[in-house]
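Please read the following report alongside the sequence and the model, which is shown first. The headings take up sheets, a helix, nonpolar cores and domains in turn.

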Amino acid sequence: MNRTVLIVGIVIVAAIVFILFAGLGKDPAHIDSPLVGRPAPPFSLKAVGTGEMVDIEKLRGKPVVLNFWATWCGPCYEEHPTLVANARNLQPGVQFVGVVFNDDEDKIMRFLAERGTAYPTLLDAQGKTAIAYGVGGVPETFFINPEGKIMAKFEGPLTTEALQAELAKAMR
Amino acid sequence: MIPTLGRFLILASVLVATTGAFIAYAAGSKRSPEGLRWSQRFAYLFAALMLAATGVMEYALITHDFSVEYVSHVGSTQVPLWVTIVSLWSSLEGSILFWGFILGIYIAATTWINRNDHQEYMPYAIGTWLSVGAFFSFLIAGPANPFLTVANPPLDGPGPNPLLQNHLLMIIHPPMLYLGYVGMTIPFGFAIAALLRGRLGQSFLRPLRASLLLPWVFLTIAIMLGGWWAYEVLGWGGYWAWDPVENASLLPWLTATAALHSAIVMERRGVLKGWTVTLVQASFLLTILGTFMTRSGVFNSVHSFTQSSIGPTILIFLAAVLVFSVVLLSFRIDSLEADGKLDSAVSREGMFLVNNLFFVVLTFTVLVGTCFPLIVEAVKGKQMSVGRPYFDAMVVPVGTALLFLIGVGPALPWGKASKKEILRALLPPLITGAIVMAIGLALGVRNVWTVLTLLFGGYAAHVTMAQMWLPFRQRVKRGDAIGPALVDAQLRRGRRRFGGYIVHAGAVIVFVAIAVSSTMRTQQEVTLTRGQSTTFAGYTVTYTGSEERAEPHRQSTIARFNLSKNGAQVTTMEPRMNQYAAMREPIGTPAVYSTITGDYYISIMNLQGDQAGVLIINMPMVGWIWGSVIMMGIGGLIALIPSRRRAYVVSPVPAEAAGDEVPA
């Protein structure tokens, strides 16, 4: 028996297996946002339809659900009814805000007319707000506490359970 | 009905593979010819069951039988027939079934080819293959069962992943990769057999080498097809991103390439037996690691299947095979060594050793880079990623050194040589190297690594061509007619050697094309209003407008650009932006205009109203990569064709050329 081969081999095997086991069950697509725990980047954008300016800093005092989406995004269609239903239930205690980027105002209007809405939808024409929030894909949702701090970020279409779990972090 | 039949076939294959493996191992330890015949029958039966199960699944897919769970996940009456057929490997469960199907074919074919040969080793080899077969059929029967019944079958399904539907390369790339990956099971079985037997005789090298070379050819082509697809479809202007799963396909390729080289030294000198066996084992283990990477959801990649429960099962299998391999190796490695010894470092065999060292260094570099984010997260709980700079910094120098070896290695004679002989072998190719380098410098190459690549590439091309045609030239010099000399020296007797040097020639071009295309590329990001033009890299690009196109599974915006040179129209290019219903981000498909010197590549960054923001890339020589990798594959196949033993030996060939081998 060759002891060197056995010992070196077992060490390498143990290291590889340990690392792979440690990685199991984690979602590799999930990236911790550096913004969590920081103040929400300020923005002021025009609401689709009404044309009024909405300033995120003026919304302090209650939790904000900030949802980035677009009409060209498949999963956003799936997520929209969940957002609207929860907004109807939770507002005005919680403020819902949608931000659309890389999109046309006409398409957004049509989308909202067909599928309904319950909160302001803002147009991020140059995509600057999406960049400030580090949005990697749509939909992505930020949960902001009453002091204006981002408490959680969710990637992908929200379910009611996920929304409530994440929102709880912003209620404290 | 169909789900029940499928489940029955799979359960039967678990039973057959397990029983067959036991019989085979018992036959091996008892050296029983009767036992060997029975294990051969079980090997054929296993293959037949896998074939039948896959046939049943294809039947269910084609007839849109949505009572089969897998069909209800990936089938759709809306997609063309070819998409329906290839849906077999478009999702997790089906891809494992496809794996079993290919494994069955490999096992049956190898068993049949060696049915009367290598009786000493075959029972252990069959036992090992069937053990692997038992594991995969267990996966299909349990954690990844595609034959579950759907209680209330839907009328239609969603169809397979849209990315698989958008390019024909996607039909060829996955099967090629599976043929490469799964095929590594066969040399692994042979290596285990040699270890269990405690010896590795000269005659057993032939099946070991051939069984390694065939999957190597498939893997080589598969890796290239993947890169080509990314380049043609994903729109970021590259072909290799050091994505974990790309790395996973490269890792077994690296160890298999090293093993093919060390096998030659083993054949010539009777040394490196334990080492070659280790490399063969590593190649198989790395394919299992790669399977784990794509199917466990641990790594983030375009290749990842959705999160699944089979990760832990594969990991347990991987751990078990790793431990088994290491223990077996440590018990038997000493009994394999060594019939001969190495005489000199500056020799052909010395260069083979350096080659192996470099390949192993590359393997570790890529493995560590791929797993490093997992290590950091496991140890420090922090997220990080390892990107291009690490891989480029580590891989470029070693790769360049390998190119140097492709030149120097085959130029050196075997065994001990005098200083004068060595210099006479090494100096002349320098002229070709210098000429190629001078051409590059004249054309504006300034990057140090690319200049070195040109120098070594020219050198290696000279040596490769000289060695490739050496037997032919020797025959002609002796007065043989050109035609017969060509056929006999290159294709009949010297086929392995000839094929090997064709692989080298292809590899040399790949090295040069990668270096040139990545360091000499120029790009420009520009926003054009409709009717506006820009001139870049010799071509004038005019934006002529865009068009929306709706297809069932995607929404596309196609932009049109006119390409002209010196006022003359060249072509129309139509890059597009695709939004797939099931995906979070839109995916651009670039337009590529290829010429012999390079590619002109237009990719849409964004489209708004009359304006189009585009990325234009001019990439010299990139198309050479695809062609020369195919050449490497052809070289491998030429070297693989078994020589008809002694049937055509008309006259003896000078020893130098006859037995002279290159890696193949």
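## A sheet in chain B

In this predicted model, Ser594(B) stands opposite Asp599(B) of strand 9 of chain B, and 4 bridges join strand 8 of chain B to that strand, residues 598-608, in an antiparallel arrangement. Strands here are DSSP runs of E with at least two residues, and helices are runs of H or I with at least four, each numbered from the N terminus; two strands pair if DSSP finds at least two bridges between them.

The open sheet to which these strands belong has 4 strands in the order 1-10-9-8, with antiparallel pairing. Strand 1 (522-529) and strand 8 (591-594) of chain B each have a single partner strand, so one side of each is left without a neighbour in the sheet. Neighbouring strands are turned by 20° against each other on average, direction ignored.

Residues are numbered from 1 along each chain as its sequence is written, while chains are lettered from A and ligands numbered from 1 in the order in which they are written. Because the model is predicted, local features need pLDDT of at least 70 and side-chain atom pairs count only at pLDDT 80 or more, whereas totals for chains, interfaces and linings use all residues.

## Helix 10 of chain B

Helix 10 of chain B comprises 26 residues (244-269) and should span 38 Å at 1.5 Å a residue, which agrees with the 37 Å between its end C-alpha atoms; the expected span is 1.5 Å times one less than the number of residues. Of its 26 residues, 22 are buried, a residue being buried if 20 or more other C-beta atoms, placed from the backbone, lie within 10 Å of its own, exposed if 12 or fewer do, and partly exposed in between. Just after the helix, Gly270(B) takes a positive phi of about 70°.

## Nonpolar cores

A nonpolar core is a set of buried Ala, Val, Leu, Ile, Met, Phe, Trp, Tyr and Cys residues joined through C-beta atoms within 7 Å. In the largest one, of 196 residues, Phe46(B), Leu130(B), Val508(B) and Ala513(B) touch the most other members. The largest share of this core, 17 residues, comes from helix 9 (residues 205-233) of chain B. Apart from it lies another core of 37 residues, among them Trp69(A) and Phe143(A).

## Domains of chain B

An automatic or database domain assignment supplies the domain bounds, with domain 2 given as 427-519 + 624-658 and domain 3 as 522-620. The C-alpha centres of domain 1 and domain 3 of chain B lie 42 Å apart.

Technical notes:
Axes fitted to C-alpha atoms, helices over the stretch in contact; angles between N-to-C directions.
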